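Hi,

Here is the structure I promised to pass on. Have a look at it first, and then read my notes below.

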Amino acid sequence: MFWRKKKKKQEAEDQREAAAQQAEEDSGREEAAPPEPDPAQAVDAAPAPEAPAAAEPDTPEPTGEPAQQPAAEEQTRPEPAGEEEASEKKRGFFGRMADRLLKTREKISGSIDRITLGKKIDDEVLDELEEVLVTADLGVPTTLELIEGLRGKVARKELDDAEALKKALAQGIQTVLENTAPPPSRDNDPHVIMVVGVNGVGKTTSIGKLAHRFQQTEKRQVLLAAGDTFRAAAGEQLEVWAQRAGCDIVRQKHGADPSAVAWDAVDAAQNRGKDLVIIDTAGRLHTKVNLMEELKKVQRVVAKRLPGAPHEVLLVLDATTGQNAVSQAKLFHQAVPLNGLILTKLDGTAKGGVVVAIAKELKLPICYVGLGEGIEDLRPFDPAEFAKALF
Ligand SMILES: Nc1nc2c(ncn2[C@@H]2O[C@H](COP(=O)(O)OP(=O)(O)OP(=O)(O)O)[C@@H](O)[C@H]2O)c(=O)[nH]1
Ligand SMILES: [Mg+2]
């Protein structure tokens, strides 16, 4: 069958990509390996992360200064009030979602128009549709399940034309997307979110957008933790986002132990009455065991400072990587059990179908999707809206 050849090709591509990433990361870590963490030298002398004993160490002075308010042009537009405006806003959101999914929509919906042109919907059309869905990165298991459902409908003569086929497919996709674990609730005080993922997938950008959303829209008091102490400019990058979002940030110097930063941040959040902490982490390859151990350590240290924290671990995946995102999710989930996903860069890719593959194979909720680089370009994920925007 078509997808077996395709799967082999995809696996070879994934391997090449992983090897290239691995080489890049190895050279990066060799050149700029951070020194052994020395909490005493940390900017604000956070306690040694693995050291906290039964009695909590002295509370260090929080590291981060409250970020300045955003410049006038960066201020967010006031939220429209009233039901009419809310529904207008929703239509606007949907319109933008549909616009940004243009390439994926063209891939799926456009292909359906082509393969059904002048034909009745039969098994042959479904075979061609199978190929379309696999190449749109829905993945083999998901595609087979969806096609199976459609075959039944074709046999019962329920699908007369392309429109009926699209409608049935949209419904099938929505069902897969809804059949995941529920998104995490955020009723802890402070609620601590750790954000993880491979290099360059959009972790820091998504954290900035999230901070903005929580701070401005949900009126929460956010504090960011600059837990990527590995990449030289990472702290500054997060600082810029903190300024845009108008929230506090806790940083330590380059090369500090990420778990010390996380400890410090939770501490600062409690001292300053912040109710939401978001911890940024350095990008890491999902296949690197020692780097996964580093993440587990951040988790352990945060849990020592605040039992139960981090309450939420979100994995950021770059939609443009297609099926590789599925393997990333599997390996991260094994190392640090995940509560949800953020799928970025859905704008400008024809591989948006990977959302469906991830939902089906991992049953993890897709909490947010990134549809651009701007501060407003992160949306809570709505399965019905997404399925509709694909057609
Ligand atoms: N088009 C588009 N670009 C995005 C989106 N999210 C992030 N980016 C871009 O992706 C690039 C990498 O984003 P970062 O936030 O630095 O990624 P990261 O995962 O923090 O990277 P490392 O910390 O180096 O691992 C930046 O140029 C972002 O503007 C998105 O939803 N759409
Ligand atoms: Mg980053």
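To start you off: where does Lys363 lie? Lys363 sits in the loop between α12 (354–362) and β7 (366–370); helices (H or I, at least four residues) and strands (E, at least two) are DSSP runs, numbered from the N terminus. Its phi is near 55 degrees, a positive value in a residue other than glycine. Lys363 counts as exposed because it has 11 C-beta neighbours inside 10 Å. The rule is that 20 or more other C-beta atoms within 10 Å make a residue buried, 12 or fewer make it exposed, and anything in between is partly exposed, with C-beta atoms placed from the backbone.

Before you go further, a word on the model and the numbering. This is a predicted model, where local features need pLDDT of at least 70 and side-chain atom pairs count only at pLDDT 80 or more, while totals for chains, interfaces and linings use all residues. Residues are numbered from 1 along each chain as its sequence is written, and chains are lettered from A and ligands numbered from 1 in the order in which they are written.

Asp137 also has a positive phi, near 70 degrees, and lies in the loop between α4 (123–135) and α5 (140–155). Asp137 counts as buried, because 29 C-beta neighbours lie inside 10 Å.

Now the overall picture. The protein chain has 13 helices and eight strands, and 45% of its 391 residues count as buried.

Leu223 is buried because 29 other C-beta atoms lie within 10 Å. Leaving out residues up to four places away in sequence, its contacts (C-beta atoms, placed from the backbone, within 7 Å) include Cys247, Ala265 and Val277.

Two peptide bonds are cis: Asp189 to Pro190, with omega near -5 degrees, and Ala309 to Pro310, with omega near -10 degrees.

Last, the ligand. Ligand 1 is surrounded by 21 residues (C-beta atom, placed from the backbone, within 6 Å), and Gly202 and Thr204 are among the closest. Helix α7 (residues 203–217) supplies the largest share, three residues.

Happy browsing!

Key
Two residues are in contact if their C-beta atoms, placed from the backbone, lie within 7 Å.
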